Amino acid sequence: MSGSLTFKVHRQKPELVSPANPTPRELKLLSDIDDQEGLRFHIPTIFFYRHNPKAYSDPVAVIRRALAETLVYYYPFAGRLREGPNRKLVVDCTGEGVLFIEADADVTVLEFEEKDALKPPFRCFEELLFGVEGSSEVLNSPLMLMQVTRLKCGGFIFAVRINHVMSDAFGLSLFLKTMCDFVRGYHAPTVPPVWERHRLSATVPSRVSHAHREYDDMPVTDTEHGSKGDNLVDRSFFFGHREMSAIRRLLPPNLVNRSTDMETLTSFLWCYRTVAIQPDPNKEMRLIFIVNARSKLKTPPLSPGYYGNAFAFPVAITTAGELTKKPLDFALRLAKEAKSSVTEEYMRSLANLMVTKGRPSFSSDGAYLVSDVRIFSDIDFGIWGKPVYGGIGTAKVTDFPGSSFYVSAEKRNGERGIIVPVCLPEKAMQRFVKELESVFSGQFAFNGGTKSPTKLILSSL
């Protein structure tokens, strides 16, 4: 079931898909960026593909075969994680394989679209990526779970879950694009994978040169998780050209011209989410802005095929009072400053911090974490093309509701934009929607901006 959309899924028994050819049996160390407490969980993604009348092959068989071929090159994924001294994670390259599920569903892509259900959070997600018992353990379990579900229209749904310590979104996209290469009939990856996890490991001696406030040791309060009886609610919000234009009108023109869409949208959501939560004005609020650091590493550069975690959690910090009372450009400048703090030296310092502080998790108290996973919209399976939807399947990860993942989206009228799933306590969500409706109905204008008659387009699934 997804919203008012109801359907049945028939699954075959899970199987292990191992590499198509023999692979090395060895131990491989993860980097100290990979090996942090905050990444020791499995993260799911989901992709919807339309039927192509010219495609006569069974997508399940084609993808299963491509997976086996891909695992020859990405053979660590076919192994299992072990924990060594000082909680150091290593991959035991056993070649056992990854979990794969074949399924069929009596539903079409068009029905998802007509019910406005082709966006996160997918209420039916557990049917489209079945959580095999014991498969979500961090140690001694398969590092990947994949399910391919045929649809009655001839399209299919492709869902995959990976142990996050193995790869980030960019790394997973490399894996999936290699699968796409084999689906197209190539005999090798167009971008050869590279391990090289030593590039992001701690130095000896381990010198921490940055403050890394994102890992402050702080007690967690229930400010954002709602009081007893106030249930968490998930909603997806669409931000297209009109919505982004309305947000930009809240900012000085010179700052708009120097800011990306993600920076602008993130600072806006941080502000209005805080207004909706209604924390104590003196409470410290945090924005965790996930930054892909690959372009920052230049001595020497990381290989294009590096598929490990290569990102940082830089944090912007202010009080709730300042965040909600000051103009939006205050939040935007903080976000830009946090983002720009990630340098090559920052990443070296971060790897060293993991070793010296016992691999901590980032501080989640008062935090809003944002990640851009729009890269998943480019997973092109040859004859089936690019996905109608490709991205995160839920509005939050693990037990941390204060996170949003930006997903590329195209409405049925062809308008492209960004979908942002948000999770808030029910009353806070009501306030959040009202605040956004006020902005998009033109009731607010900053810095000489003009009113906008546009309305916020949102979906509650």
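Tutor: Some ground rules: residues are numbered from 1 along each chain as its sequence is written, and side-chain values use heavy atoms, with hydrogens and water left out. Since the model is predicted, local features need pLDDT of at least 70 and side-chain atom pairs count only at pLDDT 80 or more, while totals for chains, interfaces and linings use all residues.

Student: What makes K88 and D35 a salt bridge?

Tutor: The term asks for a side-chain nitrogen of Lys or Arg within 4 Å of a carboxyl oxygen of Asp or Glu. For K88 and D35 the closest N and O atoms are 3.9 Å apart, so the pair passes. K88 lies in the loop between β5 (80–83) and β6 (89–92), and D35 in the loop between β3 (27–29) and β4 (42–49), so the bridge ties together parts 53 residues apart in sequence. Helices (H or I, at least four residues) and strands (E, at least two) are DSSP runs, numbered from the N terminus. Both K88 and D35 also belong to a salt-bridge network with D32, E37, R40, E83, R87 and R359. A search of the whole structure turns up 39 salt bridges.

Student: Why is K119 called buried, and why is D116 called partly exposed?

Tutor: Buried means under 20% relative accessible area, exposed over 50%, and partly exposed in between (1.4 Å probe, protein chains only). K119 has 12%, so it counts as buried. D116 has 37%, so it counts as partly exposed. These two form a salt bridge, with closest N and O atoms 2.4 Å apart.

Student: How do you know that K336 and E263 are buried?

Tutor: K336 has a relative accessible area of 18%, so it is buried. E263 has 6%, so it is buried too. Their side chains meet in a salt bridge at 3.1 Å, N to O. K336 lies in helix α9 (residues 328–340) and E263 in helix α7 (residues 261–277), so the pair ties together parts 73 residues apart in sequence.

Student: Why is the pair F48 and Y389 called edge-to-face?

Tutor: Rings of Phe, Tyr and Trp (its six-membered ring) pair if their centres lie within 6.5 Å; planes under 30 degrees apart count as stacked, over 60 as edge-to-face and the rest as tilted. The centres of F48 and Y389 are 6.4 Å apart and their planes are at 75°, so the pair is edge-to-face. F48 lies in strand β4 and Y389 in strand β16 (residues 389–392), so parts 341 residues apart in sequence are tied together. F48 and Y389 are both buried.

Student: Which residues have the most contacts inside the largest nonpolar core?

Tutor: A nonpolar core is a set of buried Ala, Val, Leu, Ile, Met, Phe, Trp, Tyr and Cys residues joined through side-chain atoms within 4.5 Å. The largest has 150 residues, and F112, F158, F239, F268 and F381 have the most contacts inside it. Its largest share, nine residues, comes from α7.
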